[in-house]
Amino acid sequence: MTVGPIATACGDSPPSSSPGSGGDPDSDGAADAQGGAEGATNDADSGPVGEVSIPSRCGASSTWVPTHYVTPTASGSGDGSMANPWTLTQAMAQAASGNVVRVAPGIYTAPPSANRYTPAFNPANSGTPAAPIVFVAEHPAVYSALDARSELRNSSVATDGGSPTFGTNGGRHDVIWDGFYVDEAHAHSTADTGPVVVWDSQHIALCRNLIKGEPTNRQDNHTGFRFDSASDSEAVGNEVFDFRVADLSVSPGWNQNYAAIMAYDTDRILVANNYFHDNGTDVFIKGWHDIGLSNSGWVVRFNRCERARQVAIQLAFVNPVAGNPRTTVSNNLIVDAEVGIFPHNGFDSDRAPSDFDFENNTVVNSKSAFLGIYSATVGHLGLMNVNVRRNLVVGGPLAYYFSEISGDSLQLFKARGFDLNDNHFAGQPAVASVGNPNGGQYATPASFAAGTIFGAAGTGFERDGSQGDPLFVNAAAGDYHLGVGSPARTAATNGGAVGCYVTGTETIGIP
């Protein structure tokens, strides 16, 4: 078996009524038809300069030849052959390096584990870089109708009394989970976790899975995928949705503990070509315990994010240790989020978040702001060496919202290498609003760059920023390509395009 780098493909994202899966985003996630190119995504060389290279194994699915088989009606005494298949529980115990285990459509149930970091389906063995263990659904869930999916459940009957349903824990490495379906209503998790975990693991790939959350009013973390104490792993081509509060009258979406993807103590994680929708937060690099891995070297790109009730991309402990590889968030499409990007300046660390780039993203109709920073103080050393550039920001009341900023924080951020520049704006009443004391509101990039803030001569932010209707091809149908004559095609200072569609051939969302 050969596991190679992810393939290259070009194409348009489907309209927003059926991004990626072909299904109704307001339904239970069942797709209307099968389709899609297996393993297709974007050119690995098209990312920002300095981006960490994280080879993907998800694109190798067309080369996977099954060595073993699993069916929902297996006897439990099989040898994994097509004639005498394994149960999935047997496969967890017996699959070894180099095995490609094909899992037939049907429902597979295991008892919940005893803790929040061990999944019910957790392989006993690891693979190797050249010969991983592959568990692959016969029909990938993101392309398949409900009755064709391989659905994984745990047997908990209590909403918060279960465990993660699949993933890895316990030092596992070189394992691939491809194409599975979890509806958390039939696979209850518990506090501070969710249906899928990659915990104490390395070189794990999550590909083409479809994960539906169970909206609850849980106050602890509730996540679709949780990466914890993990490195060199990926989530590519998945659909993850409905990780949000259940009662919006109690908490109207503003609970940071709900996320499609959440991470603690990780390094070098690739999040690409996913479709996230109707979550509290889509990607949240959240925690660092001042030991081990330090949330460095993430690559978040080519994702389609819709209707995040809090924040699409939330960054807290990103690169809290100096000198580690930068994190890049690029070429994502973010639509109808409360806030597009929210970097926390503070928490418990004096250097969080730092050393990241947020560039060439398209952010449309944010409810509050494209980028928000709250309660920033001079004493914290976060937001060092951060670039926000070449993004296309359309609609919403504001692009930048600096709330409760103390006297000289904004200038201090600039001195530390926090820079906002070369972005393009359309349709906002104001580009920036700076909070008290002595704040101000700025209608244009030029006024934001030149405006006097807290006695300083000018911010210098958005000195090369621009404005103008991007002339989307068909925004009403979810097509945010740049139309003929769009000023956004040449708005960057290098003469190129701003926003997620730089060449126009990028695949944003599930291929």
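**Entry 1: rings**

Which residues do ring pairs link into a cluster? I looked it up and wrote down Phe358, Phe370, Tyr400, Phe402, Phe418, Phe425, Tyr442, Phe448 and Phe461. I noted beside the list that this is a predicted model. In the structure I found 16 aromatic pairs.

I picked tyrosine 400 and phenylalanine 425 to look at in detail. Their ring centres are 6.0 Å apart and the planes meet at 70 degrees, so I logged the pair as edge-to-face. The cut-off I used for that word is an angle over 60 degrees. Next I checked where the two partners sit. Tyrosine 400 belongs to strand S29, residues 398-403, and phenylalanine 425 to strand S31, residues 424-426. They are 25 residues apart, and the pair links distant parts of the chain.

Buried here means under 20%.

Then I turned to phenylalanine 472 and tyrosine 480. This aromatic pair is edge-to-face as well, with 5.1 Å from centre to centre and 90 degrees between the planes. Phenylalanine 472 is at 17% relative accessibility, so it still counts as buried. Tyrosine 480 is buried at 6%.

The charged end of arginine 149 sits over the ring of tyrosine 181, and I noted 4.6 Å to the ring centre.

**Entry 2: cysteines**

How many disulfides does the structure hold? I found one. Cysteine 58 and cysteine 207 form it, with their sulfur atoms 2.0 Å apart. The torsion about the S-S bond is about -75 degrees, so I put this disulfide down as left-handed.

Cysteine 58 lies in the loop between strand S2 (40-41) and strand S3 (68-70), while cysteine 207 is in strand S11 (residues 196-207), so the pair joins parts that are 149 residues apart in sequence. Both cysteine 58 and cysteine 207 are buried.

I also looked at two other cysteines. Cysteine 305 is buried at 1% relative accessibility, and cysteine 500 is buried with a relative accessible area of 0%.

**Entry 3: a serine**

Where does serine 486 lie? I found it in the segment after strand S36 (479-482). Serine 486 is buried, at 5% relative accessibility.

I followed its side chain in two directions. A polar atom of the serine 486 side chain lies 2.5 Å from the backbone oxygen of proline 470. The side chain of serine 486 also reaches the backbone nitrogen of alanine 488, at 3.1 Å. Leaving out residues up to four places away in sequence, I noted that serine 486 touches Pro470 and Leu471.

**Entry 4: the whole chain**

Last, I stepped back. The chain has three helices and 36 strands. Of its 511 residues, 61% are buried. I looked at contacts between residues at least 6 apart in sequence, and 80% of them join residues at least 24 apart. The chain exposes about 16700 Å², and carbon and sulfur atoms supply 52% of that area.

Notes. Residues numbered from 1 in each chain as written. Heavy atoms only, no water. Phe/Tyr/Trp six-rings, centres within 6.5 Å; stacked < 30°, edge-to-face > 60°. Helix = DSSP H or I, 4+ residues; strand = E, 2+ residues; numbered from the N terminus. Buried < 20%, exposed > 50% of the residue type's maximum accessible area, 1.4 Å probe, protein only. Lys NZ or Arg CZ within 6 Å of the ring centre and 35° of its normal. Disulfide = S-S within 2.5 Å. Polar contact = N/O pair within 3.5 Å; in protein donor to acceptor, adjacent residues only side chain to side chain. Contact = heavy atoms within 4.5 Å. Areas by Shrake-Rupley, 256 points an atom, 1.4 Å probe, with all protein chains shown as cover.
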